[in-house]
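Here is a short report on one protein model.

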Amino acid sequence: MTTPWLVADVGGTNARFALVDGPGAAPERVAALPTRDHRGLAEAAAAYLAEHGGGARPAAACLAVAGPVVDGRIRLTNAGWANDTVERTRAHLGIEDLTVINDFEALAWSLPGLGAGDLMTVGGALPPAGGPRAVLGPGTGMGVAGLVPVPDGAGGGWIPVAGEGGHVDVPAGTDREIEVMRLLRAELGVANAEYLLSGDGLARLYRLLAMLDGVRVQPLTAAMIVDRRDEPACAEALEVFCGLLGSFAGNVALTIGATGGVYLAGGILPRVPGVLQASDFRRRFEDKPPVTDYLKGIPTALIVHPHPALVGAAVRLTKTNA
């Protein structure tokens with residue numbers, strides 16, 4: 001088995017790359033490049049290898065991107081990469097054994113290998129391995145994936161299931177959230193969950209809540225809202241954000257039957273773990289009569305590992321290079 005391997009976690013804001021020295025090895029030489037500074041996935045990967053690769057010539061690569069990969073086409077619309085392809089990336093880099101997957105598929109692959117130190121419980125004790133799991137998270141967009149166990153009689157192991165679950169409807173659960181949803185629909189024509197449960201979504205939620213109160217506010221980015229979370233308007237935006245996320249996560253748990261747990265990722269939540277734990281997230285997750293007791297048995301946890309998608313991409317390469 002020839003190494004090193006190239007792995008990546010490419011979002012709408014940052015493209016993170018690393019090299020892995022074989023099965024079970026941790027990602028090394030991790031570096032983040034601004035995604036929009038590059039024409040496509042091939043150029044971003046080549047720039048990483050030139051600047052941080054130390055002359056390495058990867059024998060294989062698994063590159064995870066924040067968007068669907070269908071029929072060899074890479075659609076990373078948040079970075080303007082709507083017409084990129086896997087084949088172009090493979091040819092440009094000269095890596096024959098190259099796979100491009102959804103970033104939340106990579107996160108799903110990482111779940112069985114995460115230890116207690118990589119997770120912060122948000123509700124319920126983490127269960128023993130076995131049941132289906134779900135991973136979701138707000139970042140530049142909203143990603144969702146599942147991880148389904150394969151019975152021992154059928155070979156064992158896991159199968160990841162990636163989708164575009166962030167584009168379901170907003171799970172409004174209070175009168176105020178319904179009013180926000182109406183403003184969102186009037187503004188954008190649809191009430192897409194990602195339009196509120198993402199970085200841009202948090203900024204939009206902050207602005208729409210102010211509109212409901214007839215208050216003019218200075219536009220703030222998600223990072224600014226997080227930094228100013230002690231201010232009342234920012235605190236409310238984060239509280240509503242976490243409540244909506246709890247309802248959304250409960251919907252995902254029910255859809256997948258995620259008795260093995262729901263795991264939270266993305267770029268926002270690790271910056272506000274205390275806000276998340278103190279919020280209405282868990283109550284909203286469970287508050288779905290008549291299946292409340294079922295949901296109470298499903299744990300939720302925040303992934304605090306710094307690079308779980310890179311770990312998952314390496315696990316995917318281990319499976320295909322075994």
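## Terms and source

Helices (H or I, at least four residues) and strands (E, at least two) are DSSP runs, numbered from the N terminus. This is a predicted model: local features need pLDDT of at least 70, side-chain atom pairs count only at pLDDT 80 or more, and totals for chains, interfaces and linings use all residues. Residues are numbered from 1 along each chain as its sequence is written, and side-chain values use heavy atoms, with hydrogens and water left out.

## Aromatic pairs

Rings of Phe, Tyr and Trp (its six-membered ring) pair if their centres lie within 6.5 Å; planes under 30 degrees apart count as stacked, over 60 as edge-to-face and the rest as tilted. The whole structure holds two aromatic pairs. Phe17 and Tyr48 are stacked, because their ring centres are 5.4 Å apart and their planes stand at 20 degrees. This pair links distant parts of the chain: Phe17 sits in strand S2 (residues 14-20) and Tyr48 in helix H1 (residues 41-52), 31 residues apart. Both Phe17 and Tyr48 are buried (under 20% relative accessible area; exposed is over 50%, partly exposed in between; 1.4 Å probe, protein chains only).

Phe281 and Phe285 also form a stacked pair, 6.3 Å centre to centre with 20 degrees between the planes. Both lie in helix H9 (residues 281-286), four residues apart, about one turn of the helix. Phe281 and Phe285 are buried.

Two strands pair if DSSP finds at least two bridges between them. Five strands form an open, mixed sheet in the order S3-S2-S1-S4-S8. Strands S3 (28-34) and S8 (97-102) stand at the edges with a single partner strand each, so one side of each has no neighbour in the sheet.

S2 and S3 pair antiparallel over five bridges. Phe17 has Ala31 in S3 as its bridge partner.

Strand S10 (residues 133-138) runs antiparallel to S11, joined by six bridges. A hairpin of three residues connects S10 to S11. Ala134 has Gly146 in S11 as its bridge partner. S11 (residues 142-149) is mostly covered, with six of its eight residues buried.

S11 also pairs antiparallel with S12, over five bridges. Here Ala145 stands opposite Ala162 in S12. Ile159 is found in S12 (residues 158-162). Ile159 is partly exposed, at a relative accessible area of 46%.
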